[in-house]
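Visitor: I would like to go through this model label by label. Please set each value against its rule.

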Amino acid sequence: PTTDRQCAAVTICNVTEIEIHAPTPTSDRRCELCSTTTNSILDCADPTSRAAIISNRICEVAQVENCCCDEFLSLIRVSGDVTVRSDETMLHFGRIREVEGDINGGGLSSSNRGLLQVVDFGKITRVGGSVQLRLNHITRVEFGSLARVNQFLRLEWNDLTSVDFSAITRIGSHLYLFNNDLTSINFGAITHIGGSLLVDNNALASFDFGIITNINAWLRVYNNPSLTSINCRNLGFCLCRSNHTKPINCPSQCTGTRSWMSNCF
């Protein structure tokens, strides 16, 4: 009798707009077109840098430092690198569709890791550089719409027990998954790995290459105690395995002077 009805927001900001007024129980959200720039740097540790993103309605920046913050989530594109601070526990990308450079974040050593635990790529479809999130405590990665990583994809030295690469079709260079707790890997839509595939020091009992048709360098699967055999399907140019893992359709043993090659059979 004394209050009006409360309504949910009707307007949804599209990909070229930013929200300038949040919805309330009695008013809709307001959106305005955002402007793009390749010169601005968003530093999430700098209040002035953060305020400039909102006041100038910026949706593309050249670089992001000390990620993450709400202003980062409002962007659409980063034309350079995204650097995640070492005490960040969750990394997600909000409305971002593309990162043209690298995504970097992690600790300094195996005994001094970053705190990152969850990564969600959300709406990103392409990373023009590398994804390097090694030396953290990541337990879950959601690859979302990500279809291509042009350089490295590095997730070694984390706490992953499973990984599903979902829509990714191509990794331009190496894929590093060693020193996790992996019991399963789903390569999803991946057809091409432009470098080495390293999955040693995990807990795999089986290994399925999915629809991969090309691996350009080493296959490294040693020290997976329950992995009794591997069918390489003639992929890779050399294989490093433990003695108990029977090779089927695999390349020759990796040989050379690198320290890890002493584990190869």
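This is a predicted model: local features need pLDDT of at least 70, side-chain atom pairs count only at pLDDT 80 or more; totals for chains, interfaces and linings use all residues.

Visitor: Why is the link of Cys-44 and Cys-69 called a disulfide?
Guide: The rule asks for a pair of cysteine sulfur atoms within 2.5 Å. Here the S to S distance is 2.1 Å, so Cys-44 and Cys-69 are joined by a disulfide. The count by this rule is five disulfides.

Visitor: What does the pair Cys-44 and Cys-69 tie together?
Guide: Cys-44 lies in the loop between strand E4 (41-43) and helix H1 (47-55). Cys-69 lies in the loop between strand E6 (63-67) and helix H2 (70-73). The pair therefore ties together parts that are 25 residues apart in sequence. Helices (H or I, at least four residues) and strands (E, at least two) are DSSP runs, numbered from the N terminus.

Visitor: What makes the disulfide of Cys-238 and Cys-254 right-handed or left-handed?
Guide: The torsion about its S-S bond is about 90°, so the disulfide of Cys-238 and Cys-254 is right-handed. For Cys-240 and Cys-264 the torsion is about -100°, so that disulfide is left-handed. The pair Cys-240 and Cys-264 links distant parts of the chain: Cys-240 is in strand E27, Cys-264 in the segment after E28, 24 residues apart.

Visitor: Why is Asn-263 called partly exposed?
Guide: Buried means under 20% relative accessible area, exposed over 50%, partly exposed in between (1.4 Å probe, protein chains only). Asn-263 has a relative accessible area of 31%, so Asn-263 is partly exposed. Cys-240 and Cys-264, in contrast, are both buried.

Visitor: Which residues does Asn-263 contact, leaving aside neighbours within four places in sequence?
Guide: Asn-263 is in contact (heavy atoms within 4.5 Å) with Tyr-222, Cys-240, Arg-241 and Ser-242.

Visitor: What makes a set of residues a nonpolar core?
Guide: Its members are buried Ala, Val, Leu, Ile, Met, Phe, Trp, Tyr and Cys residues joined through side-chain atoms within 4.5 Å. The largest such core has 59 residues, and Phe-72 and Phe-165 touch the most other members. Strand E5 (58-61), E6 and strand E8 (82-84) are the elements that give two or more residues to this core. A second, separate core of eight residues includes Tyr-222, Cys-238, Met-261 and Cys-264. In soluble globular proteins, nonpolar side chains tend to be buried together.

Visitor: How do you know that Glu-100 and Arg-77 meet in a salt bridge?
Guide: A salt bridge needs a side-chain nitrogen of Lys or Arg within 4 Å of a carboxyl oxygen of Asp or Glu. Glu-100 and Arg-77 come to 3.4 Å, N to O, so the pair qualifies. Glu-100, at 28% relative accessibility, counts as partly exposed. Arg-77 is also partly exposed, at 23%.

Visitor: What does the salt bridge of Glu-98 and Arg-126 tie together?
Guide: The closest N and O atoms of Glu-98 and Arg-126 are 3.1 Å apart. Glu-98 lies in strand E10 and Arg-126 in strand E13 (residues 126-127), so the pair ties together parts that are 28 residues apart in sequence. Glu-60, Arg-77, Glu-98, Glu-100 and Arg-126 are linked in a network of salt bridges.

Methods
Residues are numbered from 1 along each chain as its sequence is written. Side-chain values use heavy atoms; hydrogens and water are left out.
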